[in-house]
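The paragraphs below go through one chain, from its overall layout to individual side-chain pairs. Please keep the model open while reading.

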Amino acid sequence: MKTRLAISALFLLAILIACSKDKFTTEPQVKVKSISPETVRQGDIIRMDAEFTDQEGDIDSVYIVYKWYEGDVAVRIDTFKNYTLQGLGLPPDTKEGDMQVTLSYGRQIDGIIQISPTPNIRDTTATLGLLLVDKAGHRSGYSESERIRLIKF
């Protein structure tokens with residue numbers, strides 16, 4: 001009876017280990033946690049918080065994707081690319097952490113990415129997303145924020 005119980009316990013343990021997800025993978029992982037404020041007026045600052053992991057700690061590029069919407073249709077997509085972790089205020093060779101991306105809407109501020117207002121549209125919605133690429137060319141999945149409202153003067 002003890003042998004059968006021990007074998008059952010080992011079998012259950014093996015299944016649990018096989019089914020658990022590893023926190024670190026060769027491909028970087030990123031998840032947008034929040035974006036604020038929900039309503040942005042021209043001249044405001046936008047902050048997007050995210051978390052990431054990378055087994056090797058060799059993230060080379062951070063791509064920031066900006067989508068404008070008209071209703072439910074994305075009418076324009078811009079990509080701000082080739083930012084590094086260092087450019088976002090994180091040390092190189094970081095394997096996991098939280099990152100904050102700061103952008104300005106319609107106002108030039110040194111060291112902050114500027115998003116230009118939508119042409120001919122005074123009131124619209126947008127999302128911001130992240131994609132990470134490491135030195136070996138492995139890409140993370142794309143993670144996107146909730147929609148925010150953009151109001152132009």
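Which pattern does the chain follow when read along the sequence? The pattern is α-β-β-β-β-β-β-β-β-β-β. The secondary structure thus listed comes to one helix and ten strands; helices (H or I, at least four residues) and strands (E, at least two) are DSSP runs, numbered from the N terminus. This is a predicted model, in which local features need pLDDT of at least 70 and side-chain atom pairs count only at pLDDT 80 or more, while totals for chains, interfaces and linings use all residues. Residues are numbered from 1 along each chain as its sequence is written, and side-chain values use heavy atoms, with hydrogens and water left out.

Some totals for the chain come next. Of its 153 residues, 35% are buried, where buried means under 20% relative accessible area, exposed over 50%, and partly exposed in between (1.4 Å probe, protein chains only). The accessible surface comes to about 9,400 Å², and carbon and sulfur atoms account for 52% of that surface; the areas come from the Shrake-Rupley method with a 1.4 Å probe, and for residues only the protein chains shown count as cover. A contact requires heavy atoms within 4.5 Å. Taking contacts between residues at least 6 apart in sequence, 64% join residues at least 24 apart.

The strands can be followed through their pairing. Strands of a sheet pair through backbone hydrogen bonds, either parallel or antiparallel. Here two strands are taken to pair if DSSP finds at least two bridges between them. An open sheet of four strands has the order β1-β3-β6-β7, and its pairing is mixed. The edge strands of this sheet are β1 and β7, each pairing on one side only. From one strand to the next, the twist averages 30°, with axes taken as lines fitted to C-alpha atoms (for helices over the stretch in contact) and angles running from 0 to 180 degrees between N-to-C directions.

Going across the sheet in that order, β1 and β3 run antiparallel and are joined by seven bridges. Lys31 has Glu51 in β3 as its bridge partner. Next, β3 and β6 also run antiparallel, with nine bridges between them. Met48 is partnered by Val101 in β6. Finally, β6 and β7 run parallel and share three bridges. The bridge partner of Tyr105 in β7 is Ile115.

Which residues touch the most other members of the largest nonpolar core? They are Ile46, Tyr66, Met99, Val101, Leu130 and Leu150, out of 29 residues in that core. A nonpolar core is a set of buried Ala, Val, Leu, Ile, Met, Phe, Trp, Tyr and Cys residues joined through side-chain atoms within 4.5 Å. At least two residues of this core come from each of β1 (29-36), β3 (45-53), β4 (59-70), β6 (96-105), β7 (113-115), β8 (123-134) and β10 (148-151). The largest share, five residues, is supplied by β4.

Two residues show the surroundings in detail. Leaving aside neighbours within four places in sequence, the contacts of Ile46 include Ile35, Val40, Val101, Leu103, Ile115, Leu128, Ile148 and Leu150. Ile115 is placed in strand β7 and is buried, with a relative accessible area of 1%. Not counting residues up to four places away in sequence, Ile115 touches Ile46, Tyr66, Phe80, Leu103, Ser104, Tyr105, Gly106 and Leu128. The C-alpha atoms of Ile115 and Tyr105 are 4.9 Å apart, with the two residues ten apart in sequence.

Charged pairs remain. Side chains of opposite charge can pair when their charged atoms come close. Five salt bridges are found in the whole structure, each a side-chain nitrogen of Lys or Arg within 4 Å of a carboxyl oxygen of Asp or Glu. One of them joins Asp98 and Lys33, at 3.3 Å from N to O. Asp98 belongs to strand β6 and Lys33 to strand β1, so this pair ties together parts that are 65 residues apart in sequence. Lys33 is partly exposed, at 45% relative accessibility.

Another salt bridge links Asp123 and Arg149, whose closest N and O atoms are 2.5 Å apart. Because Asp123 lies in strand β8 and Arg149 in strand β10, the pair ties together parts 26 residues apart in sequence. Asp123 counts as partly exposed at 37% relative accessibility, and Arg149 is partly exposed with a relative accessible area of 37%. The side chains of Asp78 and Arg76 also meet in a salt bridge, at 3.4 Å from N to O. Arg76 has a relative accessible area of 37% and is partly exposed.
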